[in-house]
Amino acid sequence: MGRAASRSLAATLFPPRCCLCDFPGATPDLDLCEICRADFPWERETLAGATVALRYAPPADELIRDLKYRGITPHARVLGVLLAQAVQERAASLPRLLVPVPLHDARLRERGFNQAATIARYAGQMLGIPCAPRAMKRVRDTPSQTSMTMAERHRNVRGAFAVNGAGALRRLLAAGHVAVIDDVMTTGSTLAEAKCALLAAGVRQVDLWAVARVT
């Protein structure tokens, strides 16, 4: 059974319900109704070279916090589909591989999952692009950047990322054009540092995508 047929069957057996009001979902891929989707704080600009779907404001910020800190992983599907829809509207060309911003191993053990990787998986399914959640690694367990200035954020993530081994490098180079994905962008320093690591490794083109930006 092909991907389109599988998704159609799944939508028939398990039709989506809006995660905010429990009305029927807008499409077979989206757990939001049309009214709630229209109420999202859409971002229409390209910021710091990144494609960003939403502003970090209600209800987008609530879904992201629930995903990250309460482990409500079904929200990742909503966020991933909204990101994919924003990319479809704005991207000149699509990458051949999606690379989520990695968590340090200690943080991953603590949280149990990488929210960027979960979002990237759903965005990739929507766009028909494979996801490589282990292509990069975070080599330093960087402190939270919540209270840092822009300059401090840049210093905090400098040299924090690397390609995760020879196999990952071969896959990245074979793709040539990749997109790095994060859940939230504030100054863009994390995405920019990940991009630098990939370009330094020889990747030809690196796009930056984020679900939401902090205003």
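Reader: What makes the crossing of H4 and H6 left-handed or right-handed?
Author: In this predicted model, H4 passes H6 in a right-handed crossing, and a crossing is given that name if the near helix is turned clockwise from the far one by less than a right angle.

Reader: Why is H4 called oblique to H6?
Author: Helix H4 (residues 74-90) and helix H6 (residues 115-127) pack at an angle of about 50 degrees, their axes lying 7 Å apart. Angles under 35 degrees count as roughly parallel and those from 65 to 115 as roughly perpendicular, so H4 is oblique to H6.

Reader: Which residues of H4 and H6 meet, and what is the contact made of by class?
Author: Among the H4 residues that take part are Leu79, Leu83 and Val87, and on the H6 side the list includes Ile119, Tyr122 and Met126. By class, this contact of H4 with H6 has 11 nonpolar, 4 polar and 1 charged residues.

Reader: Where does the largest share of the largest nonpolar core come from?
Author: That core has 37 residues, and Leu83 and Trp209 are among those that touch the most other members; its largest share, 9 residues, comes from H4. Leaving aside neighbours within four places in sequence, Trp209 is in contact with residues including Leu83, Val87 and Leu127.

Reader: Why is Thr27 called partly exposed?
Author: The relative accessible area of Thr27 is 28%, and since buried means under 20% and exposed means over 50%, Thr27 is therefore partly exposed. Thr27 has its place in the loop between helix H1 (3-13) and helix H2 (34-38).

Note on methods:
Residues numbered from 1 in each chain as written. Predicted model: local features only at pLDDT ≥ 70, side-chain atom pairs only at ≥ 80, totals over all residues. Heavy atoms only, no water. Axes fitted to C-alpha atoms, helices over the stretch in contact; angles between N-to-C directions. Helix = DSSP H or I, 4+ residues; strand = E, 2+ residues; numbered from the N terminus. Parallel < 35°, antiparallel > 145°, perpendicular 65-115°, else oblique. Contact = heavy atoms within 4.5 Å. Nonpolar A, V, L, I, M, F, W, Y, C, P; charged D, E, K, R; others polar. Buried < 20%, exposed > 50% of the residue type's maximum accessible area, 1.4 Å probe, protein only. Core = buried A, V, L, I, M, F, W, Y, C linked by side-chain atoms within 4.5 Å.
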